[in-house]
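Below are some notes on the model we discussed. They are set out as numbered points, beginning with a single residue and ending with confidence.

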Amino acid sequence: MLALLFIIFAGLAVGCAVAVVAQRNPLYSAVSLIGVFVALACLYVMLAAPFIAAVQVIVYAGAIMVLVVFVIMLLNVEEEERRRPRLRFLVPTAVVMAAILVAETSFIMYSVRFSPFTPTDNISNTGITSQIGTGLFTRYLLPFEITSILLLMAIVGAMTLARRSLRLSPTARILPGAQVLARDVLTRGSPEDLTAIEADSSVEAARVLGVEPPIKREDLE
Amino acid sequence: MNLAPQLWWYLALSAVLFTIGVVGVIIKRNVIAMFMCIELMLNAVNLTFVAFSSFFQDVSGQLFVFIVMTVAAAEAAVGLGIIIMIFRNRESLDVDDASILKL
């Protein structure tokens with residue numbers, strides 16, 4: 001029964017992982033990656049680690065993937081176009097190194113294959129939340145505190161990186177709300193006119209609307 | 001058939017996932033796709049940690065997973081900030097466009 005569950009979840013994880021790499025649209029890759037995370041969470045439950053499974057779903061499938069999908073949406077990512085790969089001469093090297101990687105991992109698997117250890121059953125104490133908390137606050141207290149400093153640095157770094165520069169160029173102009181008006185509002189009198197309105201700049205938007213020219217930013221200050 | 005999953009099953013799955021992640025990082029050119037493949041590799045390592053923790057009856061492995069997840073969250077925040085800055089400066093997410101690491 002457990003073996004069947006393992007095969008189901010492992011197959012789901014590997015299939016979704018292949019889909020992550022094979023998809024050309026990053027959004028589809030993100031959805032496949034969520035599938036990998038959920039399958040791994042199920043495997044953690046099978047390994048009697050319910051806390052890690054919950055954190056996996058909350059932190060990975062929740063927080064991190066929301067961030068990734070948000071960035072994908074924000075940046076309007078187009079699909080990867082097929083280009084001729086550069087560095088073609090590295091392909092044999094890559095094949096050799098992949099073979100070495102597979103050999104190393106299979107050696108490790110061979111080594112532990114006959115290990116006498118038995119897995120934790122769901123009755124034992126290993127992996128329950130209170131034990132993890134005890135470990136975090138006694139033996140691994142220093143790494144835990146360092147983790148908090150790391151998170152603080154990540155917050156400050158991310159804000160510093162993503163902050164938009166406050167100095168606008170002198171030609172930047174602001175006409176609040178003009179560029180978000182729908183075409184129906186802009187050309188109410190001519191419904192058969194289906195040409196797209198170029199409203200890239202505030203000046204054009206103002207011309208279409210027939211309003212005053214946009215206000216310069218320095219006039220506001 | 002009452003066959004329980006052995007330790008090397010989990011290690012094999014982890015190795016496969018890690019290799020897929022490595023392949024993705026190498027063949028992908030989109031920065032966000034490479035980023036997701038890195039997350040995949042981190043998850044493969046996490047699976048190894050949890051498997052050993054469960055089979056050795058030792059909770060330390062799960063604590064390491066906890067810390068790895070924290071590092072992954074921090075990496076996501078900073079990495080996506082860097083990706084946004086790259087996109088703002090270059091209007092592209094292709095790593096080949098950012099290969100000289102300067103403007």
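1. Leu151(A) touches Thr70(B) and Ala74(B), once residues up to four places away in sequence are set aside. Leu151(A) sits in helix 6 of chain A.

2. The contact between the chains involves 64 residues of chain A and 58 residues of chain B. On the chain A side, at least two residues each come from helix 1 (2–22), helix 2 (26–46), helix 3 (50–75), helix 4 (91–113), helix 5 (129–137) and helix 6 (141–162). Helix 3 of chain A gives the most, with 11 residues. By type, the residues of chain A that touch chain B are 51 nonpolar, 11 polar and 2 charged.

3. Which residues of the largest nonpolar core touch the most other members? In this core of 71 residues they are Ala13(A), Val36(A), Ile32(B), Met36(B) and Leu40(B). Two or more residues come from each of helix 1, helix 2, helix 3 and helix 6 of chain A, and from each of helix 1 (7–27), helix 2 (31–55) and helix 3 (60–90) of chain B. Helix 2 of chain B supplies the largest share of the core, 16 residues. Domain 1 (1–80 + 102–122) and domain 2 (128–164) of chain A both contribute residues, so the core lies between them. As background, nonpolar side chains in soluble globular proteins tend to be buried together.

4. Met36(B), one of the core residues named above, can be followed across to the other chain. Leaving aside neighbours within four places in sequence, Met36(B) is in contact with Val20(A), Ser29(A), Ala30(A), Leu33(A) and Val68(A).

5. The secondary structure of chain A comes to 9 helices and 2 strands. Along the sequence the order is α-α-α-α-α-α-β-α-α-β-α. Of the 221 residues in chain A, 20% are buried. Among chain A contacts between residues at least 6 apart in sequence, 54% join residues at least 24 apart.

6. Does the length of helix 3 of chain B agree or disagree with what its residue count predicts? At 1.5 Å a residue, its 31 residues should span 45 Å, and the end C-alpha atoms are 44 Å apart, which agrees. Just after this helix, Glu91(B) takes a positive phi of about 55°.

7. Phe52(B) belongs to helix 2 of chain B. Phe52(B) has 20 other C-beta atoms within 10 Å and is buried. Between Phe52(B) and Ser92(B) there are 40 residues in sequence and 42 Å in space, C-alpha to C-alpha.

8. Ala48(A) has a positive phi, near 60°, and is found in the loop between helix 2 and helix 3 of chain A. Ala48(A) counts as buried, with 23 C-beta neighbours inside 10 Å. In chain B, Gln57(B) has a positive phi near 55° and is found in the loop between helix 2 and helix 3 of chain B. Gln57(B) is partly exposed, with 15 other C-beta atoms within 10 Å.

9. On confidence, chain A averages a pLDDT of 76, and 63% of the residues score at least 70. Within chain A, the lowest mean is 47, in helix 7 (residues 183–186), and the highest is 93, in helix 2. Over residues 175–188 of chain A pLDDT stays under 50, and the model has 16 contacts beyond four places in sequence for them. Over residues 190–198 of chain A pLDDT also stays under 50, with 5 such contacts. Where pLDDT is low, the predicted coordinates should not be read in detail.

10. Chain B averages a pLDDT of 87, and 97% of the residues score at least 70. For the model as a whole, ipTM is 0.92 and pTM is 0.75.

Notes
Residues are numbered from 1 along each chain as its sequence is written. Chains are lettered from A and ligands numbered from 1 in the order in which they are written. This is a predicted model: local features need pLDDT of at least 70, side-chain atom pairs count only at pLDDT 80 or more; totals for chains, interfaces and linings use all residues. Two residues are in contact if their C-beta atoms, placed from the backbone, lie within 7 Å. Helices (H or I, at least four residues) and strands (E, at least two) are DSSP runs, numbered from the N terminus. Ala, Val, Leu, Ile, Met, Phe, Trp, Tyr, Cys and Pro count as nonpolar, Asp, Glu, Lys and Arg as charged, and the others, Gly among them, as polar. A residue is buried if 20 or more other C-beta atoms lie within 10 Å of its own, exposed if 12 or fewer, and partly exposed in between; C-beta atoms are placed from the backbone. A nonpolar core is a set of buried Ala, Val, Leu, Ile, Met, Phe, Trp, Tyr and Cys residues joined through C-beta atoms within 7 Å. Domain bounds come from an automatic or database domain assignment. The expected span of a helix is 1.5 Å times one less than its number of residues. pLDDT is the predictor's confidence in each residue, from 0 to 100.
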